Amino acid sequence: MDTFLQQLINGISQGSAYALIALGYTMVYGVLRLINFAHGDIYMFGAFMGYYLANNQWMQSQLGSSLASAVVVMLGSMALSAGVGILIERFAYRPGRSPSRFTLAFWLGIVGAGIGQLIRPTAASLMAGAAAGILIGVILEQAGMRPVQQTSRLALLIIAIGVSLFLENGGQQAFGVDPKFFPQIIPTTLLNIGQLSIDSQKVMVLVVSIALMVLLNLFVHYTKTGKAMRAVSFNLDTAKLMGINTDRIIALTFAIGSALAGAGGILVSLMYPKIDPLMGIMPGLKAFVAAVLGGIGNITGAMLGGLIVGMAEVMAVGYGQSTYRDAIAFIILILILLLKPAGIMGKGVVEKV
Amino acid sequence: MRKWIFWLLALAALAVLQASLKGLIGAYYYQIVILVGINIILAVSLNLINGFTGQFSIGHAGFYAVGAYTSASVVYYGGPWFRAATAFLPQLAQDAVLLLLGILAAAVAAGIAGLAVGIPSLRLRGDYLAIVTLGFGEIIRVLILNIDTIGGSRGFSGIPQLSNFFWVYLAVVVTIVSIHNLVNSSYGRAFISIRDDEIAAEAMGVDTTRIKVLSFVISSMFAGIAGSLFGHFTMYLHPNSFLFITSFYVIIMIVVGGLGSIEGAVLGAILITVVLEVFREFGAFRLVNFSILLVLIMLYRPQGLLGTWTLAKRKQSAAVAK
């Protein structure tokens, strides 16, 4: 019984981390009907930003190893993740949806920076390469190279895969391939409750994720912007006709989803401190499973789905074969899709002929 | 008569190339040529589901893996027995029969896997089907990791090298010809009708579920064949060769080339395989460039490089114009 309770607690904290990532999936799917494959990689990005912020000399000298520094690391990494989310939306997804400029300049700038870095590994060379790339991009755009409007959903999905590959490989390039160890920004203590001993970090993970989810729910249901977000998710074109700046709402959705994924990255790194640029792939897929399980597009469903997937996984590892760990989520997924394709909380869609 | 001449010429050309190619271009380029061939089979077969039938599968690596491991284990465990039983045959003939048996087993096993996935999941549409196929691919990989007789996480080593340029490109020709003929048959029109409008197709009397499962099974069988050829070329299989990124690469090939065009799939397979190799000079930076290239192609030319353009259609429309 005790081990069961112990596993239950492990499952809940693992599940709440999945839930945080799943929220971003479900929100983006809600507004764009797009499986944002890059989402898991933003989770990775968040963890790395946390790592660099926490190891920053200046930060350490200013704040020391206190709760304040943990809060700063958390918020800073969430903000940076949100920034990356907005950039991805702006330069990868929006050009296919509505006219937007500088797409080519952005991507060629990155390629140019990389080439500059290859030629001579100095900051000046990198900047010169980036400038050259941006210039070529702007010239090509002026010459008439514009993105095709009304991209199909399939093309959008491929773009998402491309962005995901970009973040993974760019991460390997920028952060190095070797795993890094996330610093203990919160001192660990073991809480003893009766026979149970609970890691204080697991409690922390649980508390922070629940707090974030409550905040998100309040935001979506009780603010005007949240209402606009729900309207866009209900019907994008109608929302546009009602005077909602849909592009801004979509960007905001990406920002919030990415910030939550970044937070998830830090929280998971507190429990399992080994981080590497490919760490986002599996949690990303599993969080997506969680989102589908709960009913994609449904925020409460994503939380529930995350908890179920995390719990099932921890239980399977605790009582069965740990090598099957990665298959559990997908088996759940296939079962739920066969039995209740709309997910637990999802609304069934009636097919119109 | 013309058919026979075509096949004889193809066989002769393949045999001549097989004899001379490796010496001509060196082992490194030879390996790339083989890889291109295997990727062509994968891309052309996936194009049957994604391009012609309009379903979205991202689990092709799963069927590829089933084929590779089935064929490898059949040959690895049955090979010695088979060679002893047919000791009167020359080595070359033994190799050929053994490889063909492996390919047959791979095609059957991958086809059964395709049937098992297809029947329950093809009721689903769009994104959901995509995710189920992805999940299936991952489940296959985890299963393989846990089966010790085929190497598990150590990888399956000691597979005899049976496939070579001749067999791979023979399979390429067979795949292209069969998919081409299939797409231009009444079944092919049923596939395309489902892609264009599933409800209308159903109203016209197409048994959509059966046709979708059929396209899924056929596609899986060819993926299995590709897997068999891959395993018998590299002589070593590891579950990490069949991560879902492998499926993504195949999708990228057909999308870059143009969905719904066999020529496009072939072009895409050649292009992506070669581009990945060329970018190797950039070191780790190559995949960054590759992913940016992918995003830009999708933004600036979402129908792919060839779209639904085909050699045959061009002739047809030229004939109509006259």
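How many residues of chain A are in contact with how many residues of chain B?

**View 1. The side of chain A that touches chain B.** In the predicted model, 41 residues of chain A are in contact with 34 residues of chain B. Helices H5 (103–119), H7 (153–175) and H14 (325–339) of chain A each supply at least two residues of the side that touches chain B. H7(A) provides the largest share of this side, 13 residues. By class, the side of chain A that touches chain B has 29 nonpolar residues, 11 polar and 1 charged.

**View 2. H7(A) against helix H11 (residues 285–300) of chain B.** The axes of these two helices come within 8 Å and cross at roughly 160 degrees. An angle over 145 degrees counts as roughly antiparallel, so H7(A) is roughly antiparallel to H11(B). The crossing of H7(A) and H11(B) is left-handed. From H7(A), the contact draws on A:Ala155, A:Ile158, A:Ile159, A:Gly162, A:Val163, A:Leu165, A:Phe166, A:Asn169, A:Gly170 and A:Gln173. They meet B:Phe285, B:Leu287, B:Val288, B:Ser291, B:Ile292, B:Leu294, B:Val295, B:Met298 and B:Leu299 of H11(B). This contact of H7(A) with H11(B) consists of 14 nonpolar and 5 polar residues, with no charged ones. An α-helix has 3.6 residues a turn, so residues three or four places apart point the same way.

**View 3. The bend in helix H2 (residues 60–85) of chain B.** H2(B) has 26 residues and spans 36 Å from its first C-alpha to its last, close to the 38 Å expected at 1.5 Å a residue. At B:Gly79, H2(B) bends by about 55 degrees. A proline, B:Pro80, follows within four residues of the bend.

**View 4. H2(B) crossing helix H8 (residues 208–234) of chain B.** Here the two axes come within 7 Å and cross at roughly 50 degrees; H2(B) and H8(B) are therefore oblique to each other. Their crossing is right-handed. Residues of H2(B) in this contact include B:His60, B:Phe63, B:Tyr64, B:Ser71 and B:Val75. Among those they meet in H8(B) are B:Ser220, B:Ile225, B:Ser228, B:Phe230 and B:His232. The contact of H2(B) with H8(B) has 11 nonpolar and 9 polar residues, and no charged ones.

**View 5. Helices H8 (residues 200–222) and H9 (residues 224–234) of chain A.** The axes of H8(A) and H9(A) come within 5 Å and cross at roughly 80 degrees. The two helices are therefore roughly perpendicular to each other. H8(A) contributes A:Phe219, A:Val220, A:His221 and A:Tyr222 to the contact, and H9(A) contributes A:Gly226, A:Met229 and A:Arg230. These residues of the contact of H8(A) with H9(A) divide into 4 nonpolar, 2 polar and 1 charged.

Definitions and conventions. Residues numbered from 1 in each chain as written. Chains lettered and ligands numbered in written order. Predicted model: local features only at pLDDT ≥ 70, side-chain atom pairs only at ≥ 80, totals over all residues. Contact = placed C-beta atoms within 7 Å. Nonpolar A, V, L, I, M, F, W, Y, C, P; charged D, E, K, R; others polar. Expected span 1.5 Å × (residues − 1). Bend = angle between axes of the 7 residues up to and from the residue. Axes fitted to C-alpha atoms, helices over the stretch in contact; angles between N-to-C directions. Parallel < 35°, antiparallel > 145°, perpendicular 65-115°, else oblique. Left-handed = near helix turned anticlockwise from the far one by under 90°.
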